[in-house]
Amino acid sequence: MLPPGTFPHDAGPFTELIDVSGLVVAPGFIDAHTHSDTASIDAAEGLLDEAQVYASVLQGVTTEIAGNCGHSAFPGRYAGFDALGRAHSVVGRANHLASLVGHGTLRAAVVGEEARAARAAEIAWMAEALDEALTAGAVGFSTGLIYTPGSYADTAEITALAAVAARHGKPYVTHLRDEMSGVEGALEEAVAIARDSGAALHVSHHKTAGKYAWGRTEVTLARLAALRESGMDVTCDVYPYTAGSTALAAMLPPWAHDGGKDQLLKRLRDPAQRDSLRKAIAEGVPGWENTVGNGGWDRIAVAGAPHHPTYQGHTIAELAAAAGTDALDLVADLLLGEDGDVTIISHSMREDDVQRVLTAPFTMIGSDGVPTPGLPHPRWAGTFTRVLGHYTRDLNLLPLPEAIRKMTTAPATRFNLPHRGTLRTGAHADITVFDPAHVADRATFAEPRRTPEGVHLVIVDGTIVVRDGALTGARPGQVLRC
């Protein structure tokens, strides 16, 4: 920070001089984990409100890493990485976007939605498509091993594909197969995949969720630290909340999804299948992360259900009790009424675990933001300012320079984004200026779109996109190629 009234008049030519006395000038923040792959496109097509498109940049994020949890916008909605880039260039972006290649998306394109092992030829086709996308500039390979069809893959399939990422010098990024009672075994699977493929390992939104896993970050973080000490390149990201968010359909066992959405909805119409689903949740299924069994329907709140807006913000247990019906029946009817597309908030974590992961030196910040209609998780609009305000300033959990490193240099290094995440001559002019005394998140579960306080200036590629906490309308952002 410059002393009050001091200006670097000998700094060279400039078009505007801005007094930032008393403020922190930082590299633009890099969100290590988003699901914002098509948010700006969706808003241009009238499918999403623009407030959600800009929630990220308003808190100082100048680059978003999308394509996480095994789902990317290509191949599928877009034929490839270049096609996604062209689509974004048409509508424009306030900040930058980089993308991983999603394993679930690859598998759906090649194998389909069937619950079976991939054949050798199919793995070869997936590897070829992955190689093409990584060559075009995607920043790594991701899996979401609790989600179908990715969950149908065995370790050998993932290892073969991670080896393609390794050849490109790009990381294997994974939503573990289990973040609850089986988290330690799931972490070991990820470690084996990284070791056998040669890829660097990045664990997405690391947590130990559900009552049977609370406190076990002491074990998982110690394991990750030991791996790093042994020379393994392994990192993770975290969001600063004790609740997660995902699809309501993910609360059902993998066999329910066999054959895709149409088959899922067909099963939900069948009373006998509903009984089987109730039993699976009550008793568990080997190898399945049973979120409801690890917590309960009282911890699952509806976030987005466009045709049932009065459901939003209420737990499944509350809704079922009010309707005088069984929770599983309410869930089945809700999914049928929404064509399978319902998002939820899962209150499944404990604060001491969140803080433990936040302070680990190999952790970076990722919002896991999911721009979606309804009442999305407030992390999309509040993650970075919450870390800077609540956890860094108020709780003194992190020194300010360390918090900023977790938002800048660390993700830039992890995802091979040269000349970003740093302030120096020759670096990209992505800059965030904030007031350390007043920066704070305002987004809540009831009002998840509320903009943060204390972010004064956000610059993307030398262009001001946020001034005094408000958008300027500039759209200098690009889809980045690594």
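Predicted model: local features only at pLDDT ≥ 70, side-chain atom pairs only at ≥ 80, totals over all residues.
Leaving aside its neighbours within four places in sequence, which residues is Ser99 in contact with?

**Ser99 and its surroundings**

Ser99 belongs to strand β4. With a relative accessibility of 2%, this serine counts as buried, because the term covers values under 20%. Beyond its neighbours within four places in sequence, Ser99 is in contact with Asp37, Ala66, Gly67, Ser72, Phe74, Phe81, Ala138, Val139 and Gly140. Two of these contacts, Phe74 and Phe81, provide the next stop.

Select Phe74 and Phe81 and display their rings. The ring centres are 5.7 Å apart and the planes stand at 75 degrees, so the pair is edge-to-face. Phe74 is buried, at a relative accessible area of 1%, and Phe81 is buried as well, at 2% relative accessibility. Now extend the selection from Phe74 to Pro75: the peptide bond between them is cis, with omega near -10 degrees. Pro75 itself sits in the loop between β3 (61-66) and α3.

**Helix α3**

Next, select residues 81-91, which make up helix α3. Its buried residues are Phe81, Ala83, Leu84, Gly85, Ala87 and His88. Just after the helix, Gly92 adopts a positive phi of about 85 degrees.

The structure contains four aromatic pairs. For another of them, select Phe29 and Phe434, whose rings lie 6.2 Å apart centre to centre with 55 degrees between the planes, a tilted arrangement. Phe29 is in strand β2 (residues 29-31) and Phe434 in strand β14 (residues 431-434), so the pair ties together parts 405 residues apart in sequence. Both Phe29 and Phe434 are buried.

**Helices α8 and α13**

Now display helix α8 (residues 217-229) together with helix α13 (residues 351-359). Their axes come within 10 Å and cross at roughly 15 degrees. Angles under 35 degrees count as roughly parallel, so α8 is described as roughly parallel to α13. The crossing of α8 and α13 is right-handed. For the contact itself, select Thr217, Glu218 and Leu221 on α8, which meet Asp353, Arg356 and Val357 on α13. By class, this contact of α8 with α13 comprises two nonpolar, one polar and three charged residues.

The remaining stops concern backbone geometry. Select Thr148 and Pro149, which are joined by a cis peptide bond with omega of about 5 degrees. Pro149 is located in the loop between β6 (141-144) and α6 (155-167).

Move on to Asn396, in the loop between α14 (379-394) and α15 (400-407). Its phi is near 55 degrees, a positive value in a residue other than glycine. Is Asn396 buried or exposed? At 61% relative accessibility, Asn396 counts as exposed.

Finally, select Asp461, in the loop between β15 (455-460) and β16 (463-467). Asp461 also has a positive phi although it is a residue other than glycine, with a value near 50 degrees. At 29% relative accessibility, Asp461 counts as partly exposed.

Note on methods
Residues numbered from 1 in each chain as written. Heavy atoms only, no water. Axes fitted to C-alpha atoms, helices over the stretch in contact; angles between N-to-C directions. Helix = DSSP H or I, 4+ residues; strand = E, 2+ residues; numbered from the N terminus. Parallel < 35°, antiparallel > 145°, perpendicular 65-115°, else oblique. Left-handed = near helix turned anticlockwise from the far one by under 90°. Contact = heavy atoms within 4.5 Å. Nonpolar A, V, L, I, M, F, W, Y, C, P; charged D, E, K, R; others polar. Phe/Tyr/Trp six-rings, centres within 6.5 Å; stacked < 30°, edge-to-face > 60°. Buried < 20%, exposed > 50% of the residue type's maximum accessible area, 1.4 Å probe, protein only.
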